[in-house]
Every structure is written in structure tokens, then in C-alpha cells.
Number of protein chains: 2
Amino acid sequence: MEENSVIYIGDKPVMNYVLAVLTQLKGDSGVVTLKARGRSISRAVDTAEIARNRFIPDLKVAGITIGTENMPSEQGRTVNVSSMEIVLCKGQ
Amino acid sequence: MEENSVIYIGDKPVMNYVLAVLTQLKGDSGVVTLKARGRSISRAVDTAEIARNRFIPDLKVAGITIGTENMPSEQGRTVNVSSMEIVLCKGQ
């Protein structure tokens, strides 16, 4: 299991990420962090909500932070992209 | 000014919402809440980040909550849509 159970949310179907959350939470750590940038941010929220409402009722949102990251664009400049982290934890 | 200074984030260009945030914070209330659903969630994060990084350096994120709302679909069924609220407040 990778350090701190971080799941990076990209362009795949949302159920792929929900399954990743369920798999991570089966391990000893009851904490998983979702990280997303730009357009994928809404998919991170979908992932957290589906995992919580349909699969793990005692899953809690421990914290949400937003930020901005500098990314190199194709033209060689840097562009600012919004990012979000959602920390989820199971029960107490 | 509407109650509690709520700005609903939709499909308009992000700078429209940034301008709305700046206008609200010019009033006596130093607090503004951004509400978004579905695909607009990432635009809400963009709005908060642009307002904070480019225009109001002492703007703080007071809280972020996520949830799920039931909405009627065009076929008469209800669909679940993720929602997010970001509360922003101007430093003291």
C-alpha cells in the first residue's frame, strides 16, 4: 500500500475511484486522501459522496482543502490550476 | 443584498463569479458563501482561488462542505448530484 493511501482522481469513470477507496479502506489504515486538479475536482466530490452514501455509511469527511498549483503548459508557460484534497476516514 | 451573501456558481465564465465575490465583500458583511452542484464544483474552487490569490490576499477559507442533492431528471426520475459549499471570510 502506498504511503498515506493517496488516490489521484483523473479522467476515468467515477466508479473506478470509488472501488479504489473501498480497497484502500479494507487495509489497516482507515484513512484515505483524494487528490484532484482542475476539471477532475467535481469527480473527487462524486467519489467521496458515492463511497459514503452507497457503500460505507460510517465514512466521514475529515477535512477538505483547496489550493492552486503551477503547471507547465504546452506553450512553455506556466498556468495556475485549482486543486483539492479530501481526507476521508472510517468511523472512529 | 441577499441573506448571508450566497453566490450560486453556474456555467458563466469564472471571472463573473470572482467579480460577484469582490462586490459582496465590499458590503458590510465580510463573509460570502459559494454554492455549486455537479460540473460547476470545480468552477467554485477556481472562483475562491482566483479571488484569494489575485484580489484579496487576506481572504480565508472558513469552511468547505460537500453533500448530495436529489434533483428531478428530464425523464421524471430523481438523480443524485454532488454539491459543495465554500465559505469565504475576509481576515480581521
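Contact means heavy atoms within 4.5 Å. The model described here is predicted; local features need pLDDT of at least 70, side-chain atom pairs count only at pLDDT 80 or more, and totals for chains, interfaces and linings use all residues. Residues are numbered from 1 along each chain as its sequence is written, chains are lettered from A and ligands numbered from 1 in the order in which they are written, and side-chain values use heavy atoms, with hydrogens and water left out.

Chain A comes first. It has two helices and four strands. Helices (H or I, at least four residues) and strands (E, at least two) are DSSP runs, numbered from the N terminus. In chain A the order of elements from the N terminus is β-α-β-α-β-β. The C-alpha trace of chain A spans about 45 × 25 × 20 Å along its principal axes. Of the 92 residues in chain A, 45% are buried. Buried means under 20% relative accessible area, exposed over 50%, and partly exposed in between (1.4 Å probe, protein chains only). Among contacts in chain A between residues at least 6 apart in sequence, 66% join residues at least 24 apart.

Chain A and chain B touch. The contact takes 19 residues from chain A and 19 residues from chain B. The area buried between them is about 1,600 Å², and carbon and sulfur atoms give 54% of it. Buried area is the accessible area (1.4 Å probe) that two parts lose on being put together, summed over both. On the chain A side, Arg39(A), Ile64(A) and Ile66(A) lose the most area to chain B, together 35% of what that side buries.

Polar pairing also spans the interface. Eight residue pairs are in polar contact across it, both residues at pLDDT 80 or more. A polar contact is a pair of N or O atoms within 3.5 Å; within protein, one must be able to donate a hydrogen and the other to accept it, and residues adjacent in sequence count only if both atoms are side-chain atoms. Three elements of chain A, α2 (41-55), β3 (59-72) and β4 (78-90), each supply at least two residues of the side that touches chain B. Helix α2(A) gives the most, with eight residues. By class, this side of chain A has eight nonpolar, seven polar and four charged residues. Here Ala, Val, Leu, Ile, Met, Phe, Trp, Tyr, Cys and Pro count as nonpolar, Asp, Glu, Lys and Arg as charged, and the others, Gly among them, as polar.

Two salt bridges cross the interface of chain A and chain B. A salt bridge is a side-chain nitrogen of Lys or Arg within 4 Å of a carboxyl oxygen of Asp or Glu. Asp46(B) and Arg39(A) form a salt bridge through their side chains (3.7 Å, N to O). Asp46(A) lies in helix α2 of chain A. Its relative accessibility is 16%, so Asp46(A) counts as buried. Beyond its neighbours within four places in sequence, Asp46(A) is in contact with Val14(A), Arg39(B) and Ser82(B).

Helix α2 of chain B (residues 41-55) has 15 residues. From first C-alpha to last it reaches 21 Å, close to the 21 Å expected at 1.5 Å a residue. The expected span is 1.5 Å times one less than the number of residues. In α2(B), 11 of the 15 residues are buried, so the helix is largely enclosed by the rest of the structure. Among them are Ile41(B), Val45(B) and Ile50(B).

Over all chains, the structure holds 10 salt bridges. Asp11(B) pairs with Arg43(B), the closest N and O atoms being 3.9 Å apart. Asp11(B) lies in the loop between β1 (6-8) and α1 (14-26) of chain B and Arg43(B) in helix α2 of chain B, so the pair ties together parts that are 32 residues apart in sequence. Asp11(B) is exposed at 71%, whereas Arg43(B) is buried at 17%. A salt bridge also joins Glu85(B) and Lys35(B), with the closest N and O atoms 3.6 Å apart. Glu85(B) is in strand β4 (residues 78-90) and Lys35(B) in strand β2 (residues 31-37) of chain B, 50 residues apart. Glu85(B) is partly exposed at 30%, and Lys35(B) is partly exposed at 27%.

Leu88(B) is found in strand β4 of chain B. At 0% relative accessibility, Leu88(B) is buried.
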